[in-house]
Amino acid sequence: MLSFVAQRVVKGVIVLLAIVVLNFFLIRLAPGDPAVVMAGEAGASDQVFVQQLREKFGLDKPLPEQLFIYVKGIATLDLGFSFRQQAPVSKLILERLPATLLLTLTAFAISLALGVLFGTFAARFAGTFLDTAITVFALIFYAMPIFWVALMGILLFSVTVDWLPSFGYETVGANLTGFAHVVDVAKHLIMPAMTLGLFFMATYTRMTRASMLEVKRLDFVKTARAKGLSDAVIQRRHVLRNALLPVVTLAGVHAGTLIGGAVITETVFAWPGIGRLMYDALLQRDYNLLLGVFVTCSVMVLIFNLITDLVYRLVDPRIEFAA
Amino acid sequence: MTQFWKSMLKSPSGVIGLFILLLAISVAVFGPLLFPNSPWRMVQRPFLPPFTLSTVPLGTDALGRDVFAGMIFGARVSLLVGLVSTLVALVVGVPIGAMAGYFGGKVDDALMRFTEFFQTIPSFALAIVLVAILQPSIYSIVASIAVVSWPPVARLVRGEVLSLRTREYVQAAVVTGQSNTWIILREILPNALSPVIVLASLMVATAILLESSLSFLGLGDPNLISWGYMVGAGRTVIRQAWWITVFPGVAILISVLGLNLIGEGLNDALNPRLSREGR
């Protein structure tokens with residue numbers, strides 16, 4: 001188990017290193033001389049200042065050395081400086097990270113729980129009206145762009161009926177504390193989390209349904225039935241447990257999509273996470289910040305993949321931890 | 001081929017999907033000829049509600065531009081970007097997967113590590129970064145969507161080629177001294193085609209969603225109107241004018257739904273064994 005984790009971590013670090021190198025070259029693809037761009041972002045552009053910036057960030061050194069400095073910087077959590085926001089990139093990201101984690105994890109939990117539930121129902125009542133209804137809704141949710149779902153949510157729940165707040169993380173200026181504050185944040189969280197979760201809920205519904213129908217016909221289910229186990233026990237302990245394996249795999253594959261969706265959701269709902277930060281960086285063409293958020297997103301995906309790998313091995317005891 | 005169409009037309013999702021796709025294509029091709037209203041020109045007062053004037057059936061946006069005209073011209077951009085970026089992704093992914101599966105060993109290892117690397121990177125975030133850095137244009141959008149969507153193709157083709165290359169007819173081609181390129185192109189790939197076609201139809205749907213999301217964030221081609229751009233532009237005035245965001249979104253939903261249904265229909269038609277098992 002430990003050697004498996006160590007092996008996966010080493011692999012993750014190699015991938016991360018490759019992403020950092022990619023990032024380094026992406027920065028250099030950005031239009032204009034980085035020093036001039038930085039000077040422009042800082043609001044000054046005389047030659048002396050540009051030269052100073054070049055020396056400060058080692059832009060006058062040969063490319064391999066620059067790459068080394070960049071990698072070393074990231075290893076010490078130094079993602080560069082955002083001139084637009086006048087703050088270190090890593091500080092900006094760390095401030096915003098908790099909000100994004102809250103949003104993505106809530107959305108993930110909701111989508112997985114509801115998706116498995118609906119998928120199980122559809123498979124249990126396969127061929128009936130309930131099954132058709134669930135399948136059709138899943139198809140539609142699967143095809144809706146996230147930004148549009150977000151706006152339709154606002155239109156319905158904030159504009160038409162004033163039930164939920166349409167933007168932000170908490171009520172501005174309310175200065176709530178304790179339980180009242182938790183309720184306030186939860187109210188702000190419902191719509192973004194549902195918006196982000198809807199697409200994934202549809203995917204998990206479809207996957208659970210298909211996978212349960214497939215497992216249902218396998219021999220061990222017949223054996224269980226022959227042993228005289230009740231239908232509920234067979235569904236829960238034998239069919240669902242096996243049917244969940246591909247769903248877990250899918251959840252791992254979706255980590256990147258989930259974070260991409262968070263960028264859109266946070267933008268629409270003005271949710272103060274790193275997705276919104278990425279949008280702001282985009283609007284201001286703040287490349288340092290943009291790429292810093294990009295690296296952070298990649299790290300989050302790597303960690304999430306590692307966790308799903310572990311969960312997969314816990315759900316399926318047939319897979320051993322040794323490679 | 002007739003067999004294929006027969007089974008395609010037997011699957012309800014395939015029929016509905018085909019119908020939607022044909023509709024979307026005809027709107028994209030002929031629409032702009034029938035409705036010459038430029039989507040960029042002011043045609044009426046701003047915020048004209050829908051269903052009030054027959055010349056501007058879906059109302060106008062904040063600048064008095066025709067929403068209906070925007071949707072028709074937007075169909076071109078969405079479908080074009082969806083199709084072309086999928087083609088580019090296939091052009092990248094199929095050879096990589098074919099080489100990995102055919103040559104095996106170190107080539108396979110190297111190519112698959114490369115593919116996995118691209119699969120690990122959060123795709124939408126990478127697409128945003130690429131378009132922002134290359135500057136928004138239809139080319140950078142197509143390129144970045146292709147960059148983030150080729151890995152599944154490579155993996156799928158690799159798997160197919162891996163199982164096909166040990167077949168006897170391929171071995172026979174090897175024995176008769178055919179070149180590797182000839183064997184891959186003429187013997188193996190044609191037989192690996194059906195799952196790739198299914199995947200491609202789903203990829204077009206994903207590409208349309210990606211393009212609309214990029215345009216929504218303001219990363220669309222500034223010279224072309226697109227559905228995502230329209231929703232993004234209507235976002236700030238949603239409280240006064242719901243129709244500016246609702247209609248283009250419905251257009252995206254229907255096209256993506258249609259392509260997903262076609263994917264299901266194709267799957268039923270091309271892998272009849274699988275679909276029967278699924279029931």
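## Around one core residue

In this predicted model, A:M278 is in contact with A:V263, A:L290, A:V293 and B:I128, leaving aside its neighbours within four places in sequence. A:M278 is also among the residues with the most contacts inside the largest nonpolar core, together with A:L290, A:V293, B:A127 and B:I128. That core has 158 residues. Helix 3 (residues 67-103) of chain B gives the most to this core, namely 18 residues.

The contact between the chains takes 39 residues from chain A and 30 residues from chain B. On the side of chain B that touches chain A, two or more residues each come from helix 4 (105-120), helix 5 (123-134), helix 10 (193-216) and helix 12 (243-270) of chain B. The residues on that side of chain B divide by class as follows.

| Class, side of chain B that touches chain A | Residues |
|---|---|
| nonpolar | 19 residues |
| polar | 9 residues |

Chain A has 13 helices and 2 strands. Its C-alpha atoms fill a box of roughly 85 × 55 × 35 Å, taken along the principal axes. Of the 323 residues in chain A, 38% are buried. Among contacts in chain A between residues at least 6 apart in sequence, those joining residues at least 24 apart make up 70%.

Helix 5 (residues 89-124) of chain A has 36 residues, so at 1.5 Å a residue it should span 52 Å, and this agrees with the 50 Å between its end C-alpha atoms. Helix 5 of chain A has a kink of about 35° at A:L97, shortly before the proline A:P98.

How values were computed:
Residues numbered from 1 in each chain as written. Chains lettered and ligands numbered in written order. Predicted model: local features only at pLDDT ≥ 70, side-chain atom pairs only at ≥ 80, totals over all residues. Contact = placed C-beta atoms within 7 Å. Helix = DSSP H or I, 4+ residues; strand = E, 2+ residues; numbered from the N terminus. Nonpolar A, V, L, I, M, F, W, Y, C, P; charged D, E, K, R; others polar. Buried ≥ 20, exposed ≤ 12 C-beta atoms within 10 Å, placed from the backbone. Expected span 1.5 Å × (residues − 1). Bend = angle between axes of the 7 residues up to and from the residue. Core = buried A, V, L, I, M, F, W, Y, C linked by C-beta atoms within 7 Å.
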